[in-house]
Amino acid sequence: MNETESTNSAASLVEVWRGPLVESRHRGHLVAVDGDGCVVAALGAPRTETYIRSSGKPFQAIPLVASGAADRFGFTEKEIAIACGSHSGESIHVETVRSMLGKIGRDESALKCGVHEPFSAEVARELAEQHRQPSVLQNNCSGKHAGMLALAIHSGAPTATYDHWTNPVQQMIGDTVSRFSQVPLEAISIGTDGCGVPVFGLPVQAMALMYARLVAPPAGFDAPTTKAAHRIVRAMVGFPEMIGGTKDRLDTELIKAGTGRLISKIGAEGVYTVGVLPCEDWPRGLGLALKIEDGDDRRARPPAVIEALRQLGVLSKTELSTLASYSPTIIENRRGDRVGEARAAFDLELLK
């Protein structure tokens, strides 16, 4: 994160209780922005710059759709959804990415995302029991990479270097990130993501704006970009299991709980983003972004995100009940006894 922001400016978002004491705190930055760019609520220092990580995947897929590449290769909504997802490496994900590669005339050897153990604990256990190594198709970013490869083929860009910042594919993505975030491209910090492609450093507030503009594209956007945004949102809502997995994935469960009213996307190192589609309360849409300062991905993010959506009035009591296993995060000892919990510890003041 940008060191010009003092760590003292981070807000305490989640407290970890063990018995009667708060044992630890997770601090960070949280902001909600409407489609006009107006801050609705904020905690910490929302102008803190950090990498958007996998929360950027829907925007990395925009050029795939807007360019006509998705239509040229006959990609389905399910395949567009997995291009936006951080999937669990289950068979449904492997087969979907394999289908994309078949449509563009490539095989898995063309993907440059690398190999890691599947996010699905069940799939990882099956691989271990069978003494098999994970496949590149089980990399959570394989759908994104298949989409980038398709865009390279469609646009005539070099396919061997589709992952390089100098490649036209990545330049198109950079322009898209700049347009949605309203941050000039030259002001965006460029790093390398876990899967090898460029990743974009942005203020947390700009990430929230990106999601507000994704669910409600402004009038000034060109028609292909606007149509692509609508199609990507529709795909994420329609196939939430492609964004995460069939079980134990907050993205998937949150999209399901929202019943067509929101999209959500995790990012590594404690980043999380949500887009609330236009509604009576938020006629221009709403974007929510947070960064857990210590990078916690497991116990702090879920309660912080769910509590923010509760206080913003996005989720009803019934919808919240379906997410009860994610908030608070249960702390267990080695015997499996419940000995504490990590729970949200903030109050949002709505600014409009």
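Where is the place of M100? M100 sits in helix α4, residues 91–104. Helices here are DSSP runs of H or I with at least four residues, strands are runs of E with at least two, and both are numbered from the N terminus.

The model is predicted: local features need pLDDT of at least 70, side-chain atom pairs count only at pLDDT 80 or more, and totals for chains, interfaces and linings use all residues. Residues are numbered from 1 along each chain as its sequence is written, and side-chain values use heavy atoms, with hydrogens and water left out.

Confidence comes next. The pLDDT is the predictor's confidence in each residue, on a scale from 0 to 100. The protein chain averages 96, and 98% of the residues score at least 70. Over residues 2–6 the pLDDT is below 50. Beyond near neighbours in sequence, that stretch has four contacts in the model. A contact means heavy atoms within 4.5 Å.

Back to M100. Its relative accessibility is 0%, so M100 counts as buried. Buried means under 20% relative accessible area, exposed means over 50%, and partly exposed lies in between, with a 1.4 Å probe and protein chains only. Setting aside neighbours within four places in sequence, M100 is in contact with F75, E79, I82, G143, A146 and G147. R231 is 131 residues from M100 along the chain, and their C-alpha atoms are separated by 17 Å.

Now the aromatic rings. A search of the whole structure finds five aromatic pairs. Rings of Phe, Tyr and Trp (its six-membered ring) pair if their centres lie within 6.5 Å; planes under 30 degrees apart count as stacked, over 60 as edge-to-face and the rest as tilted.

Take F59 and F180. Their ring centres are 5.2 Å apart and their planes meet at 65°, so the pair is edge-to-face. F59 lies in helix α1 (residues 57–66) and F180 in helix α7 (residues 168–181), so the pair ties together parts that are 121 residues apart in sequence. Both F59 and F180 are buried. Ring pairs link F59, F180, Y211 and F221 into a cluster.

W165 and F200 form another edge-to-face pair, 6.0 Å centre to centre with 70° between the planes. W165 lies in the loop between α6 (142–155) and α7, and F200 in strand β6 (residues 198–203), so this pair ties together parts 35 residues apart in sequence. W165 is partly exposed at 28% relative accessibility, whereas F200 is buried at 2%.

Last, D193. This residue is found in the loop between β5 (189–192) and β6. At 10% relative accessibility, D193 counts as buried. Not counting residues up to four places away in sequence, D193 touches R53, S54, K144 and V199.
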